[in-house]
Amino acid sequence: MRGGEAIIESLKNMGVKTIFGYPGGQTIPFYDMLYDAEMDHILVRHEQCAAHAADGYARASGRVGVCVATSGPGATNLVTGIATAYMDSSPIIAITGQVPTHLIGNDAFQEADIIGITMPIVKHSYQPKDPDLIPSMIKSSFEIAASGRPGPILIDVPKEVQEGELTKFDDSLIETPGYNPTTKGNIRQIKKARDLIKQAKRPIILAGAGVIISNACCELKKLAYTINAPVMTSLLGKGAIDETDDLALGMLGMHGRKVSNDSVNEADLLIAIGVRFSDRTTGRLDSFVPDTKVIHIDIDPAEIGKNVPVDLPIVGDARNVLASLNKTLEGYNASDDVNKWTDMIKQRKQDLLPRVTYDDVPLKPQSVIKEIAEVLTPESILTTDVGQNQMWAAHFYDTQRPRKFISSGGLGTMGFGFPSAIGAKVACPDDPVVSINGDGGFLMVCQELATVREYDIPVIAIVLENRTLGMVYQWQSLLYNNRHSQTLIGNSPDFVKLAESFGVNAVRITKPGETKEALGKAIKDNEPILLNVVIDSEEALPMLPPGAGINEMIGEYKLEKDVI
Amino acid sequence: MDLEYHVISTLVEDKPGVLQKVAGLFNRRGFNIDSITVGNSEIDGLSRMVISVHADKTGLEQVTKQLNKLVDVIKIKDITKTAVKRELCLIKVNIPNEKARAEIMQYTNIFRAKILDVTEETLVIELTGDKKKINAFISLVENYGIKRIARTGLTAMARGV
């Protein structure tokens, strides 16, 4: 067995059936061995999209996603995708080709020190200098990528190592004495948490991606119901609780639901689970929960106390900790004070439901999201790009299940929406997968229309067309005296013709009702399609201006109940 | 922000790139490392790094936690308060005249330093001690003209068991 075959064999042993990649000079041996292997390979049209697809695959399925690129430019093209996965704790494995060992350091053709370049954005990396090391390194990579706080792993394989014969296939895990993630919460801390919960009169829960990653959604729901506390989520926590549930308030943060932003500081106890208190979630730190006790549960000790001072830290896996916490709360009934608070919040939620009903032409983005929501079933997966489209989707779309809302939160990577949808669809072929994009971000990755066509991946790409780089345009309008520097992108291309040139069907949508109809048909047809929705160029409001406190949103918050 | 002087001892895997990762982490979090020394430890395959840095409390806590997350980092300890600290310094000093030679050799004796190399015009002196001692010696011989200084940076070890 040769090195490249060992890579494939090891991936198979880890249950991998599909990888995303793009060949090049230093991966020819690997691709040659892939030629005969029982391993599906999706040829993307840009390496960045291989990383995003692997990421989407991982987020949709909870399994590790794998992408492959050649050395030098292939590897550097993965960097944005790796950084995206790193920021959002997504387990992917990036395999890169490298120039032969004897040429490393010689500025050889297509050589880049990808191990060095990616050092700050990977959880760990390996460079096998001997084919015998490959099975262990791949197995260890999967173990490290998926355990603890998940993250990307890079494996950089010099060309001659791909070609070299193994003397033995030994895939025992590499010893990592420095890597012992704490998964079980300290029981004394958990009991203290129980006591804080029992003393609280106005508890509120903030659930983040950690809840989804650790499959703790049932435990979260149980906790929320036991203590009768409303639940907000971060952007990436969407789906941790069914957002149509009475207790679910929706997203907190810069573009959060008003009910969440208004209520969080009124709580006397914040139970934060699997969140990292990003600046986009908290607003100005000194006016975020100034008088609220904070319990912070997270598997990464470095997140605790990093941004928000914590009264009670619990390091551990969200599912483990919540299960133990729920156990200590057996027989607990929420007090009258708590019930009064939560009833008040539930009423507030109803009163503050954001307006989504419009019949304007050009279409209001809110109404487009509403129509999308009317068609999608709870198991449908929605991926978003970054910018206004993302915030509209996050704000107005109720996600009902975990792993069904996929978005680049931390890094905020434009061009993530469409390729991550490809990965999600490959991971979950039975679930409808829809990606919401802006016209700016979609153009960064539109070449992947070829991928969905060639492999018949029935992803539905919605392109909200307002001919602006909307989020930056909006900041320029609000904060830079309407000086719209480089944010008007003109009239090119015609997205319908663009899609058609790739052999992908496309529909141009301009009127109310058409999105719903076209999306319904697209799901039924189960074909790749682009829905080009022309929208009004407007702002994603309200929002927190930079430096504002969490309850200082600007812009009118239009309410659904005011619709006549 | 009150910056305090800290000495951190870390046990790491003896692998390529580990020094880069550790130093990079400090750099990314905005710390300027005063010195970093690396060498074999008492355990095969593991190295000990001693890092001295000026940092505020929360910043240091964060960087320590981030260091702990590196797969190659096994143990981290802030030994500022309990450590014996030593640094080795090599100094090449000019000898302007015979009187100077005698004086420098006297200082060398007082500081328990060693003379490693002698020529007509220069002396190479080896000195170990904490930062203060080395700085004191340097300022004493400065007047004669220092040609070169090479310092190892601080290494340290906690006292007691």
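**A helix pair in chain A**

The model described here is predicted. In chain A, helix α3 (residues 47-61) and helix α17 (residues 417-427) have axes that come within 6 Å and cross at roughly 45 degrees. The two helices α3(A) and α17(A) are therefore oblique to each other, and their crossing is right-handed. On the side of α3(A), the residues that meet α17(A) are A:Cys49, A:His52, A:Ala53, A:Ala54, A:Asp55, A:Gly56, A:Tyr57, A:Ala60 and A:Ser61. Their counterparts in α17(A) are A:Pro419, A:Ser420, A:Ala421, A:Ile422, A:Gly423, A:Ala424, A:Val426 and A:Ala427. Sorted by class, the contact of α3(A) with α17(A) has 11 nonpolar, 5 polar and 1 charged residues.

**A helix pair in chain B**

In chain B, the axes of helix α1 (residues 18-28) and helix α2 (residues 57-69) come within 10 Å and cross at roughly 150 degrees. That angle makes α1(B) roughly antiparallel to α2(B). The crossing of α1(B) and α2(B) is right-handed. From α1(B), the contact draws on B:Val22, B:Leu25 and B:Phe26, and from α2(B) on B:Val63, B:Gln66 and B:Leu67. By class, this contact of α1(B) with α2(B) has 5 nonpolar, 1 polar and no charged residues.

**The sheet of chain A**

Which strands make up the open sheet of chain A, and in what order? There are 6 strands, in the order β9-β8-β7-β10-β11-β12, and the pairing is parallel. Strands β9 (248-251) and β12 (312-315) of chain A stand at the edges with a single partner strand each, so one side of each is left without a neighbour in the sheet. From one strand to the next, the twist averages 15 degrees.

Within this sheet, strand β7 (residues 203-207) and strand β10 (residues 269-273) of chain A pair in the parallel sense over 5 bridges. A:Leu206 stands opposite A:Ala272 in β10(A). Helix α8 (residues 187-199) of chain A packs on the sheet and touches β7, β10, β11 (293-298) and β12 of chain A. The direction of α8 makes about 135 degrees with that of β12(A).

**The sheet of chain B**

Chain B has an open sheet of 4 strands in the order β2-β3-β1-β4, with antiparallel pairing. Its edges are β2 (33-40) and β4 (73-78) of chain B; each has a single partner strand, so one side of each is left without a neighbour in the sheet. The twist averages 15 degrees from one strand to the next.

Strand β1 (residues 4-13) of chain B is joined to β4(B) by 5 bridges, and the two run antiparallel. The bridge partner of B:Leu11 in β4(B) is B:Lys75. The helix α1(B) packs on the sheet, where it touches β1, β2 and β3 (46-55) of chain B, and its direction makes about 160 degrees with that of β2(B). The helix α2(B) lies across β1, β3 and β4 of chain B and runs at about 160 degrees to β4(B).

**The contact between the chains and the confidence of the model**

How many residues does each chain bring to the contact? Chain A gives 12 residues and chain B gives 15 residues. On the side of chain A that touches chain B, the residues divide into 8 nonpolar, 3 polar and 1 charged. For the complex, the predictor gives an ipTM of 0.90 and a pTM of 0.96. Chain B has a mean pLDDT of 94, and 99% of its residues reach 70 or more.

**Backbone details in chain A**

| Cis peptide bond | Omega |
|---|---|
| A:Val361 to A:Pro362 | about -5 degrees |
| A:Ser492 to A:Pro493 | near 0 degrees |

Both prolines belong to loops: A:Pro362 is placed between α14 (336-351) and α15 (365-375) of chain A, and A:Pro493 between α20 (470-479) and α21 (495-501) of chain A. A further backbone feature concerns A:Arg467, whose phi is near 60 degrees, a positive value in a residue other than glycine. A:Arg467 sits in the loop between β16 (460-465) and α20 of chain A.

Conventions
Residues numbered from 1 in each chain as written. Chains lettered and ligands numbered in written order. Predicted model: local features only at pLDDT ≥ 70, side-chain atom pairs only at ≥ 80, totals over all residues. Axes fitted to C-alpha atoms, helices over the stretch in contact; angles between N-to-C directions. Parallel < 35°, antiparallel > 145°, perpendicular 65-115°, else oblique. Left-handed = near helix turned anticlockwise from the far one by under 90°. Contact = placed C-beta atoms within 7 Å. Nonpolar A, V, L, I, M, F, W, Y, C, P; charged D, E, K, R; others polar. pLDDT = per-residue confidence, 0-100. Pairing = 2+ DSSP bridges.
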